[in-house]
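The sequence and structure come first.

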Amino acid sequence: SCWSFRADVKRKYGWICEVSRKNLTAPSGVTDHGYLRLTKKLRIGGDQKIIMSRLVSYDERMAIAQVWFTASSNIGVDSATNDSNENIFQGDPVWNISSWHQDKTSIPQPYAIQLGELQFKDTSQIQWPMTFQGGDVTNIGSSSNNSSSNFGSKSVEVTFNLKILLGSSRSISESQVDKFKLLGVVTC
């Protein structure tokens, strides 16, 4: 994967993908799609919201990344080679998140994704926990492909996918580099 957890500036860490469009060669046996993708298992809580923080900057290399959600595999590890690339929500929603801004600053900026209004595909075998009178939360059914059951849980396990979109930066230099820096992901 092009993603690595490192500091690109002194003591400022994050998940960074920095790729030259000019001479992109993915490791053998890996599709470009998998190479450019970062996946993390997440448990989405009762507010059904994900807040990701990324670096936004005036740097011409700052690109757009695409976010979507897939079912968690039962392998138990995060992997860019996870075969499941099928979006779990009806309508296959994706979020295009830019990391460039015009101000002459480089700052962390949150981006909230509200999932509560979305419906899971029947094929995903996942459901949001239901709230009954008295505030009790339960799931009707569970995901058969999750490593842990959602039954009776107040959260749902999914896989967060982030893929840098090649060619989406403003980079016109000879190297034509696209860059995205994910600082963190919080669920609630």
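## Basis

Strands here are DSSP runs of E with at least two residues, and helices are runs of H or I with at least four residues; both are numbered from the N terminus. The model is predicted: local features need pLDDT of at least 70, side-chain atom pairs count only at pLDDT 80 or more, and totals for chains, interfaces and linings use all residues. Residues are numbered from 1 along each chain as its sequence is written, and side-chain values use heavy atoms, with hydrogens and water left out.

## The five-stranded sheet

Five strands form an open sheet in the order β1-β2-β11-β4-β7, and the pairing is antiparallel. Two strands are taken to pair if DSSP finds at least two bridges between them. At the edges are β1 (3-9) and β7 (106-114), each of which pairs on one side only. On average, neighbouring strands of the sheet are turned by 40° against each other, direction ignored. For such angles, axes are lines fitted to C-alpha atoms (for helices over the stretch in contact), and values run from 0 to 180 degrees between N-to-C directions.

## Strand pairs

Six bridges join β1 to β2 (residues 12-20) in the antiparallel sense. Within this pair, Phe-5 has Trp-15 of β2 as its bridge partner.

Strand β4 (residues 49-57) pairs with β7 over nine bridges, again antiparallel, and Arg-54 has Gln-109 of β7 as its bridge partner. β4 also pairs in the antiparallel sense with β11 (residues 177-187), over five bridges. Ile-50 stands opposite Thr-187 in β11. In a regular strand, side chains alternate between the two faces of the sheet.

## Ser-171

Ser-171 is in the loop that runs between β10 (156-164) and β11. Ser-171 counts as buried because its relative accessibility is 5%. The cut-offs are under 20% relative accessible area for buried, over 50% for exposed and in between for partly exposed, using a 1.4 Å probe and protein chains only.

Leaving out residues up to four places away in sequence, Ser-171 touches Arg-21, Glu-60, Arg-61, Gln-176 and Val-177. A contact requires heavy atoms within 4.5 Å.

## Ser-124

Ser-124 is placed in the loop between β7 and β8 (130-131). With a relative accessibility of 8%, Ser-124 also counts as buried. Ser-124 and Ile-88 are 36 residues apart in sequence, while their C-alpha atoms are 5.6 Å apart in space.

The Ser-124 side chain reaches the backbone oxygen of Lys-121 at 2.7 Å. A polar contact is a pair of N or O atoms within 3.5 Å; within protein, one must be able to donate a hydrogen and the other to accept it, and residues adjacent in sequence count only if both atoms are side-chain atoms.
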